[in-house]
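Please look at the sequence and structure before reading on.

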Amino acid sequence: MHLDSARIPKTEEFWSLLPGLRLGTIRKMTIATANTPLPQVDTDALIVPVFEGAKEERFGAAELIESGEITGKSFDLTLIHHPEGVAARRVLLAGAGKPDKFDAPQLRRLTGAAVRFLKSKSVKKIALALDPNQATPANVSAAVEGAILGSFEPDRYKTAEEDKKSVESFTVAVEGGSGDLAAAADRGRILAEAQNFTRELVNEPANRLTPLLMADAARKMATEFHLECEILHHEQMAKLGMGALLGVAQGSAEPPALIVVRYRPESPSGSAHLGLVGKGVTFDTGGISIKPADGMEKMKYDMAGGASMLGAMRAIAQLKPAIPVTAFVPCVENMPGSRAQRPGDIVTAMSGKTIEVINTDAEGRLILADALHYARQQGCTHLVDAATLTGAVVVALGHLNVGLFANEDAMRDRVLAAARAEGDRMWNMPLEDDYKDYLKSAFADIANVGGRWGGAVTAAMFLKEFAGDTPWVHLDIAGTAWIDDNKPYISKGPSGVPLRTLVRLATDWQ
């Protein structure tokens with residue numbers, strides 16, 4: 001369904017004309033904590049972590065340990081039916097690896113792997129047994145997060161319901177546990193459900209998630225979680241002078257949108273205002289500089305940065321940090337239509353800078369340029385953007401680390417500290433002024449690409465021009481936003497990176 005947004009008033013009637021987006025249909029599991037001795041935990045399956053070198057003699061497992069069948073290595077899973085001495089119908093001995101390397105991120109992955117394994121066996125009610133010394137708030141939160149993330153499957157459009165298995169409940173059982181653990185479990189639930197919301201959005205094919213439909217999803221999420229939401233349409237962006245963003249959008253029949261979602265704390269602490277800017281290209285053909293056909297279907301994920309920002313706002317609304325946070329998500333389709341911009345075109349960004357478009361497939365930086373400038377205009381004092389921006393960052397860092405670029409050491413250190421706390425891997429990349437020479441243009445203030453070398457750096461250098469002197473961090477998530485194959489602990493598809501880092505950044509802000 002195509003709507004000409006220039007001809008329809010932006011009212012509830014307008015939004016009601018949009019075809020429904022089937023978000024929020026993930027089967028939610030019940031989350032609980034229990035102060036229960038391990039033998040008394042009544043559940044379909046009880047997960048018990050086992051470390052390398054440990055002697056586990058409970059549940060009739062001693063012989064399996066001695067024979068080497070149970071090793072304790074990471075993700076080594078052994079299911080025992082009708083175990084001795086416990087109320088649980090099954091015990092899953094889950095390899096936790098070396099004790100000295102066991103932390104909250106490892107527990108998150110371990111729990112995800114265990115839940116995925118048990119779900120494949122049609123187990124409905126699952127509990128995780130933690131020793132009191134393991135049951136820190138961070139570990140409990142991570143365990144719940146891992147369970148919910150692990151249960152997610154990208155199978156919405158499969159019609160065979162009998163193939164869709166689900167887990168009904170997950171309980172963290174700790175003998176001598178406290179009320180703090182319930183709060184920690186709730187934080188894990190909030191983070192995981194926000195990440196799954198993001199993953200749902202990224203999984204949507206482009207015919208079911210146009211820029212306007214992404215805006216509608218943001219509007220509905222904001223209403224549910226009591227956030228402010230404003231959608232800027234073509235005519236509003238044109239009046240603001242967003243020529244870089246609109247230049248990308250002009251090749252598509254689908255109208256663009258700039259999503260703005262605001263969180264305002266009841267009692268702000270200080271004058272800081274965090275801006276989260278996410279790339280929202282709902283499909284990227286490359287435009288006139290068209291991409292190869294091989295793998296182009298994956299380009300529905302080119303809005304993962306924007307989806308992460310919306311998911312982060314969903315979690316922030318519930319966790320209520322003391323800093324105001326506003327998300328800006330410019331949404332476009334990059335298509336090679338008859339009105340598409342051409343290599344060699346010159347556009348004028350909202351900031352007034354002119355840009356020579358050398359390559360229309362370097363479109364993400366163009367829409368982010370206007371969104372970053374608008375975020376500054378709206379009063380944001382600190383900025384983080386996230387984008388599936390360059391293939392070059394994948395060449396440099398593979399699929400393991402986010403490429404991090406910053407114009408200020410203090411802001412860089414804030415984001416890196418948040419990433420470490422959440423177990424997200426990020427690598428600080430160079431952003432020296434000399435790299436700007438790659439972006440020189442004989443015809444405009446700046447070119448949108450800088451040639452073959454240092455592509456991730458020159459893309460970040462381009463964005464730096466529009467962040468100005470505002471403390472800013474750019475996260476290139478091109479290699480980490482999508483998982484190409486099923487992992488033991490998470491399904492193929494969107495990862496949700498870097499949502500939890502963004503949420504931690506906001507909640508820990510001082």
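Helix α13 is mostly covered, with 12 of its 13 residues buried. This comes from a predicted model. The helix runs over residues 455-467, and the residue that follows, Gly468, has a positive phi near 60 degrees.

**Helix α13**
- The buried residues of α13 include Gly455, Ala456, Val457, Thr458, Ala459 and Ala460.
- Also on the buried list of α13 are Met461, Phe462, Leu463, Lys464, Phe466 and Ala467.
- The end C-alpha atoms of α13 are 19 Å apart, which agrees with the 18 Å that its 13 residues should span at 1.5 Å a residue.

**Helix α6**
- Helix α6 covers residues 211-224, 14 residues in total.
- From its first C-alpha to its last, α6 reaches 20 Å, close to the 20 Å expected at 1.5 Å a residue.
- This helix is also mostly covered: 11 of the 14 residues of α6 are buried.
- Among the buried residues of α6 are Pro211, Leu212, Leu213, Met214, Ala215 and Ala217.
- Two charged-type side chains, Asp216 and Arg219, are on the buried list of α6 as well.
- Ala218, Met221 and Ala222 are buried in α6 too.
- His226 follows α6 and has a positive phi, near 60 degrees.

**Ala54 and its loop**
- Ala54 sits in the loop between β2 (45-51) and α2 (62-67).
- Ala54 and Lys98 are 44 residues apart along the chain, and 9.6 Å separates their C-alpha atoms.

**Whole protein: fold and dimensions**
- The protein contains 14 helices and 20 strands.
- Its radius of gyration is 24 Å, which agrees with the value near 24 Å that a compact globule of 510 residues would have.
- Along the principal axes, the C-alpha atoms fill a box of roughly 75 × 50 × 50 Å.
- Of the contacts between residues at least 6 apart in sequence, 79% join residues at least 24 apart.

**Whole protein: burial, surface and charge**
- Buried residues account for 58% of the 510 residues.
- The protein exposes about 20,700 Å², and carbon and sulfur atoms supply 49% of that area.
- There are 55 positive and 63 negative charges, and the mean positions of these two sets are 2 Å apart.

Terms used. Residues are numbered from 1 along each chain as its sequence is written. This is a predicted model: local features need pLDDT of at least 70, side-chain atom pairs count only at pLDDT 80 or more; totals for chains, interfaces and linings use all residues. Side-chain values use heavy atoms; hydrogens and water are left out. Helices (H or I, at least four residues) and strands (E, at least two) are DSSP runs, numbered from the N terminus. The expected span of a helix is 1.5 Å times one less than its number of residues. Buried means under 20% relative accessible area, exposed over 50%, partly exposed in between (1.4 Å probe, protein chains only). The radius of gyration is taken over C-alpha atoms; the globule rule is 2.2 Å times the number of residues to the power 0.38. Contact means heavy atoms within 4.5 Å. Accessible areas come from the Shrake-Rupley method with a 1.4 Å probe; for residues, only the protein chains shown count as cover. The place of a charge is taken as NZ of Lys, CZ of Arg, CG of Asp or CD of Glu.
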